[in-house]
Amino acid sequence: REDGSEGVRVTRRPLCVKISQAAFERLVVMAEYAEIKNWEMLTRIILKGLPSYDWKSIKSTSKIKYKGAEGTKQITYDVTSTAFHKLEEHKKITGLSKARIIQSLILNYKPLSKAKLEYQRLRDQEMKRKYARYDD
């Protein structure tokens, strides 16, 4: 990396769904606001918006409810494997399609304020400096 730090490899899985134009525009605006890429924003929304389940107790529903109306915008992003699996678990438990889940998550997600984002960034930098001396 340019800053000299080593990156952490994250396995990513392709996610392709059709969502409404309003949901897509909201995703793009939130990504620009957070100064991250669209796929990173979608991953964040999935990880923060869905509950955690005990994967051993997951029982698949017999029917999946797919969206009645076609989405107007097809998105294909490589989200992290953790987010992909969390979405898959939620789909099995609720019986909703991935497209329905993604669209409702995007439309209902409340991003952090600029002040909280800045505080979080400063805190992350401080933690990296603090724990960097243990790496030696």
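These exercises walk through helix packing and ring contacts in the structure above.

The model is predicted, so to speak of a local feature requires pLDDT of at least 70 and side-chain atom pairs count only at pLDDT 80 or more, while totals for chains, interfaces and linings use all residues. Residues are numbered from 1 along each chain as its sequence is written, and side-chain values use heavy atoms, without hydrogens and water.

**Exercise 1.** Work out how helix α1 packs on α2, and which residues meet.

*Step 1.* Find the helices: α1 covers residues 21-34 and α2 covers residues 38-49. Helices here are DSSP runs (H or I, at least four residues), numbered from the N terminus.

*Step 2.* Take the geometry: the axes of α1 and α2 are 9 Å apart, at an angle of about 100°. Axes are lines fitted to C-alpha atoms over the stretch in contact, and angles run from 0 to 180 degrees between N-to-C directions.

*Step 3.* Name the arrangement: α1 is therefore roughly perpendicular to α2 (65 to 115 degrees; under 35 is roughly parallel, over 145 roughly antiparallel, the rest oblique).

*Step 4.* List the contact (heavy atoms within 4.5 Å): L27, V28, M30, A31 and A34 of α1 meet N38, M41, L42, R44 and I45 of α2.

*Step 5.* Sort by class: eight residues are nonpolar, one is polar and one is charged. Ala, Val, Leu, Ile, Met, Phe, Trp, Tyr, Cys and Pro count as nonpolar, Asp, Glu, Lys and Arg as charged, and the others, Gly among them, as polar.

**Exercise 2.** Describe how α2 packs against α4.

*Step 1.* The axes of α2 and α4 (residues 98-108) come within 10 Å and cross at roughly 90°, so these two helices are roughly perpendicular.

*Step 2.* From α2, L42, I45, I46 and G49 touch I102, L105 and I106 of α4.

*Step 3.* This contact has six nonpolar residues, one polar and no charged ones.

**Exercise 3.** Find which charged residues sit over the rings of W39 and Y33.

*Step 1.* Apply the test: NZ of Lys or CZ of Arg within 6 Å of the ring centre and within 35 degrees of the ring normal.

*Step 2.* Over W39 lies the charged end of R12, 3.6 Å from the ring centre.

*Step 3.* Over the face of Y33 lies K114, at 4.5 Å from the ring centre.
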